Amino acid sequence: METEEFGSEIARRVIRPRPSQSHKGNYGRVLLIGGTENFGGAIMMAAEAAVSSGAGLTSVATDPANLTALHARVPEAMFMDIHEQARVLDLLKKQDVVLCGPGLGNSPYALELLTKLCQLATPSQSLVLDASALDLLAQQPDLLSLIKVKQVVLTPHQMEWQRLSGIKIPDQENVRNFQVLRQLFPKRNVILVLKSNHTHVYDATQERAYLNAAGNPGMATGGMGDTLAGIIAAFLGQFGPSLDAVLAAVHCHSAAGDLLYQDKYLVRPTEISAMMPKLMKRYSNE
């Protein structure tokens, strides 16, 4: 299988200067769902990434234990109690993009909420599934048949993909990914962002594979995947649901990491989020 390498050219094509007559509603409504009492950092890093990457309106459904820290770190994000299910599902109706999974856990309530999300998300919305959401789907694969959205983006690391797909890690860079994606999501536009030292992206619709040329070992840090998921959600919200938007998000995440790695031994995910506005500005002007 041929794999096409991608880099900064995709970011220059996708990231455009913002017109003067615009408002927050033009850049996507993004809902992030996750963050149990003990894993609030994951959803906060995803939210910080979404806000810093240009999402117009960012809402976070998480455990109330995370409220103070969330507002201290990301005051631009709106909070909702994840346990108030009726309110969360009502908010869901108004979103362009939903990211579910960072720090969600595998409790019965997490499974119940994911089930409702799969049932109620509409074809006009984009769905990004990460972390705990992928593990829950591996345990309950029948939920996949409930998903009606046209654009689904999966962002697993290699072990999460092994659990969901059944493909062992040494065999994951091959054509079987397309076969499994078609089996899991028939008649859906599905993009697999398979995270590794150099992330691979698989577009099931066109059966094309892409290799991210950027990235470095300093990014081998907890929370890096949560940050990437937040950037992808923001890009889908403001640039539209497309393969190019996903590729641009993956590139920018790694490109920011490479810039930081020039004079740092390791790269923190929150540093990548902080660099995103400047990096996106540069690409928009090129």
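## A buried histidine

A residue counts as buried here when its relative accessible area is under 20%. H253 has a relative accessible area of 5%, so it is buried. Keep in mind that this is a predicted model.

H253 sits in helix 10. Setting aside neighbours within four places in sequence, H253 is in contact with M219, M224, T227, L228, I231 and I272.

Ten of them make an open sheet with mixed pairing, in the order 1-10-9-8-7-6-5-2-3-4. Strand 1 (3-6) and strand 4 take the edges with a single partner strand each, so one side of each has no neighbour in the sheet. From one strand to the next, the twist averages 20°. As a general point, strands of a sheet pair through backbone hydrogen bonds, either parallel or antiparallel.

Strand 6 (residues 126-129) and strand 7 (residues 151-154) run parallel and are joined by four bridges. If you want a residue to look for, L127 has V152 in strand 7 as its bridge partner.

## Around strand 3

Strand 3 (57-62) is mostly covered, with six of its six residues buried. Which residues point which way? L57, S59 and A61 go one way, T58, V60 and T62 go the other, and all are buried.

On one pairing, strand 3 meets strand 2 in the parallel sense over five bridges, with L57 of strand 3 as the bridge partner of R29. Strand 3 also pairs with strand 4 in the parallel sense, here over four bridges, and A61 stands opposite M80 in strand 4.

Helix 2 (residues 40-52) lies across strand 2, strand 3 and strand 5, and runs at about 175° to strand 3.

## One side of helix 4

Helix 4 covers residues 85-92, and its buried residues are Q85, V88, L89, L91 and L92. Why do they share a side of the helix? They span an arc of only 160° around the axis, which puts them on the same side of helix 4.

And what covers them? The cover includes strand 2 (29-33), strand 3, strand 4 (78-81), strand 5 (97-100) and helix 5 (108-120).

The largest nonpolar core has 54 residues, and V193, V201, I232 and F235 touch the most other members. Elements giving two or more residues to this core include helix 1 (8-14), strand 2, helix 2, strand 5 and strand 8 (189-194). Helix 9 (224-239), helix 10 (243-261) and helix 11 (269-285) are also on that list. Helix 10 makes the largest contribution, at 11 residues, and helix 10 is also where H253 has its place.

Leaving out neighbours within four places in sequence, V201 is in contact with F6, I191, L192, V193, R208, A209, Y210, L243, L247 and V250.

Technical notes: Residues numbered from 1 in each chain as written. Predicted model: local features only at pLDDT ≥ 70, side-chain atom pairs only at ≥ 80, totals over all residues. Heavy atoms only, no water. Buried < 20%, exposed > 50% of the residue type's maximum accessible area, 1.4 Å probe, protein only. Arc of directions from axis to C-beta. Contact = heavy atoms within 4.5 Å. Pairing = 2+ DSSP bridges. Axes fitted to C-alpha atoms, helices over the stretch in contact; angles between N-to-C directions. Core = buried A, V, L, I, M, F, W, Y, C linked by side-chain atoms within 4.5 Å.
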